[in-house]
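Here is a short briefing for a first look at this structure. Please keep the sequence and the 3D view open while you read.

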Amino acid sequence: MTAAESATATPTAPIVEMRNIRVSFGGVHAVDNVSVDLHAGEVVGLVGGNGAGKSTLIRALSGAHPADGGEIYVKGEKVSISNPRDARTYGIETIYQTLALADNVDAAANMFLGREITTPLGSLDDAAMESATREVIGRLNPNFQRFKVPVKSLSGGQRQSVAIARAVHFNARILIMDEPTAALGPAETAQVRDLVTELKSQGIGIFLISHDIHDVFDLADRISVMLHGKLVGTVDKDKVTKDEVLAMIIIGKLPEQVSKAELETLTT
Amino acid sequence: MPEVRPVTEATHKGAPSKRSMRSLLASFEIDGRLLGMVLALAVVWVVFNIVSGGLFLSPRNLWNLSVQSAAVAIMATGMVLVIVSRNIDLSIGSILAVTALVMGLVQTEWIPIDLGLGLNQPYIWIVALAVGIALGALIGAFHGFLIAYFGIPSFIVTLGGLLVWRGASFALVSGRTIGPLDSTFQLLGGGPRGSLGETLSWLVAALAITGLVYGIVASRRRRRRYGFPLRAVWADVTLGVIGSLVVAGAVGITNSYPWPPVLAAEYAKEHGITIPPGGIPTGVAIPVLIAIAIAVVVTGLATRRRFGRYVYSIGGNPEAAELAGINTRLTIMKTFILMGVLAAIAAAVTSARLNAATNGLGTGVELQVIAAAVIGGTSFSGGVGTIAGGVLGAVVMQSLSSGMVLIGVPTALQDIVVGAVLVTAVGFDSYLRRRRA
């Protein structure tokens, strides 16, 4: 544990704690002994360059690719997450960078994929699902009108709305957002930012993965930095500068370890 | 595939102001592609009818066409789902042969001779059918298991299956022909005796029309309960009327085809009746009824059940389906089980029609079925295809081949035409889709 992290520790137990997580592909340690945590109503930014292992770490939490080693605690209880269904039962929802939408079916079918509403006889209750979808997406994106078309014919922002609606509809307590604004225009990015703030105020804990340090600085409470599969450290956003975080991302040194000269070479 | 249309446009109450094709289709909420296929089929029928001097659209030929299409249509419904989930099943012709032989053996040897219960017992047909369906399901499950859980490509597994089950068929009977079959079982194949007759056919038509109207009303009521935009009343009424007319017309045609005179005379003597002036109406053939029932059931599976939703999602984006927590492997395995069951039912229909089962039965039928699915708009890139399209594709294929026989096209040329039509249809379809996108 770093000094910075213990300084921000709150008296309540973290809603998620990942301890000593290891994931390897062949002989490569994509994630090597990484520990991060997240409290309710908190946004933790997870940053790092390409191949730093941030997505891989988070895929261990979402069940997309289970960890090879380490422990995951949800609300203080040790859990085992071996597939996306496990993650969902613990209230962990994920918005993937690719959005993970089935392009050929409509918004409602995507929102309820794997968790369809059925009639007592086990048939799909499409009307009920469409109704719920209209309600949720209408709140997120009032301009959204195209509920009956395959999502492939929607714009990037609309597709994002569908993916976000899916995550928030099922009462997520823990939300993972992998590069949520990477494919969006300025207006839509602003919308996502508002949403993050709102969800946070509802007490949802959010892991925000991004390589855009400005995004992270605006939204996150704490920032965890990864480099080459290892955790460089977790810092309190209010106590560091962007340049210091940049130094962590690029040369893997904590603010107290980095020299003035190194900082200057980064910023020029 | 749902049509592309903003929801707000659906609320108009009266007739459409702009009578463009697109807005008209939009108010009916009909898949434009399916309608295009119906039109193409109509063109094929009219051309054949003109060239054959009115023979093609005679009740007799249309009735035969319906019976000949049944087996391929039955299997095409399952093949659509297999292809939608980005797989293929090349083994169905061989599954058809082996299940037909086992069903044949059950009714001609195993029950009557080996168990000593005698021929033509009233229960034999259903036992044979159940054994055949169970075997088809088992073979499908085995293929599906290898594909879904071992990750062997479906092309390879079912290509192997094509060889294995064809060989097994020969080994099972040493090349013998199994027949004649149980007299009740034979009814599954159609023919005048294997048809419903006039009264029952009209009863079926009445049931179908009731179902159609109920479906329209129920869907309207459901949408109103949630306050969704409703389809215009005139569109719903028109749809109901057209649908009912098509059902009544089709049944009317089957009823206007009389039994062949010799058979009719025999039947009249057996039952001590006199043949009415127009002959005995044949009515809807049982295999056609089976095919329609299967198309309705599989459409329900595809559109109204989780299974179908998952099949389409897997076809659209396998990774997304996996991340959504869907058991993709089990879903894939189920599509192959369904395919095996349908191949067995098609086997019953085919062998019953021939009144015999041979180890060569169904050779090459997998290609006809795949062609039917593809002509019906099923996309090999996955996620796209409708059951109705597959059935229509089967009718198109059968119309082409029997139409060409009727007008005396040489066999070699028939194959060339069918092949060319297949490629042209798919090419035209992907051209249209690219333009629309």
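Helix α12(B) is largely enclosed by the rest of the structure, because 9 of its 11 residues are buried. The model is a predicted one.

**Helix α12 of chain B**

- The buried residues of α12(B) are G308(B), R309(B), Y310(B), V311(B), Y312(B), S313(B), I314(B), G315(B) and G316(B).
- What do they pack against? In chain B, the partners are α3, α11 (286-304), α13 and α14 (328-354). From chain A comes α4 (107-111).

**Contact between the chains**

- Chain B puts 27 residues in contact with 29 residues of chain A.
- On the chain B side, α8 (197-225), α12 (306-316) and α13 (318-323) each supply at least two residues.
- The largest share of that side, 6 residues, belongs to α12(B).
- By class, the chain B side holds 13 nonpolar, 7 polar and 7 charged residues.

**Domains of chain A**

**Domains of chain B**

- Chain B is also assigned a domain 1 (31-175 + 183-195 + 285-436) and a domain 2 (196-283).
- Over C-alpha atoms, 24 Å separate the centres of the two domains of chain B.
- Here 7 residues of domain 1 of chain B meet 12 residues of domain 2 of chain B.
- Helix α3 (residues 59-84) of chain B provides 4 residues, the largest share of the domain 1 side.
- The domain 1 side in chain B divides into 5 nonpolar, 1 polar and 1 charged residues.

**A helix pair in chain B**

- Helix α5 (residues 124-150) of chain B packs with helix α6 (residues 154-173) of chain B at about 145 degrees, and their axes are 9 Å apart.
- Their crossing is right-handed.
- From α5(B), the contact takes I139(B), H143(B), L146(B) and I147(B). From α6(B), it takes S154(B), V157(B), T158(B), G161(B) and W165(B).
- This contact has 5 nonpolar, 4 polar and no charged residues.

**The sheet of chain A**

- Chain A has an open sheet of 6 strands in the order β6-β7-β8-β3-β9-β10, with mixed pairing.
- Why is one side of β6 (92-95) and of β10 (230-236) of chain A left without a neighbour in the sheet? These strands stand at the edges, so each has a single partner strand.
- From one strand to the next, the twist averages 15 degrees.
- Strands β3 (residues 43-47) and β9 (residues 222-227) of chain A run parallel and are joined by 4 bridges. G45(A) stands opposite I223(A) in β9(A).
- Helix α6 (residues 156-169) of chain A packs on the sheet and touches β6 and β7 (174-178) of chain A. The direction of this helix makes about 175 degrees with that of β6(A).
- Helix α7(A) lies across β3, β7 and β8 (205-209) of chain A, and runs at about 150 degrees to β8(A).

Terms used. Residues are numbered from 1 along each chain as its sequence is written. Chains are lettered from A and ligands numbered from 1 in the order in which they are written. This is a predicted model: local features need pLDDT of at least 70, side-chain atom pairs count only at pLDDT 80 or more; totals for chains, interfaces and linings use all residues. Domain bounds come from an automatic or database domain assignment. Two residues are in contact if their C-beta atoms, placed from the backbone, lie within 7 Å. Ala, Val, Leu, Ile, Met, Phe, Trp, Tyr, Cys and Pro count as nonpolar, Asp, Glu, Lys and Arg as charged, and the others, Gly among them, as polar. Axes are lines fitted to C-alpha atoms, for helices over the stretch in contact, and angles run from 0 to 180 degrees between N-to-C directions. A crossing is left-handed if the near helix is turned anticlockwise from the far one by less than a right angle, and right-handed if clockwise. A residue is buried if 20 or more other C-beta atoms lie within 10 Å of its own, exposed if 12 or fewer, and partly exposed in between; C-beta atoms are placed from the backbone. Two strands pair if DSSP finds at least two bridges between them.
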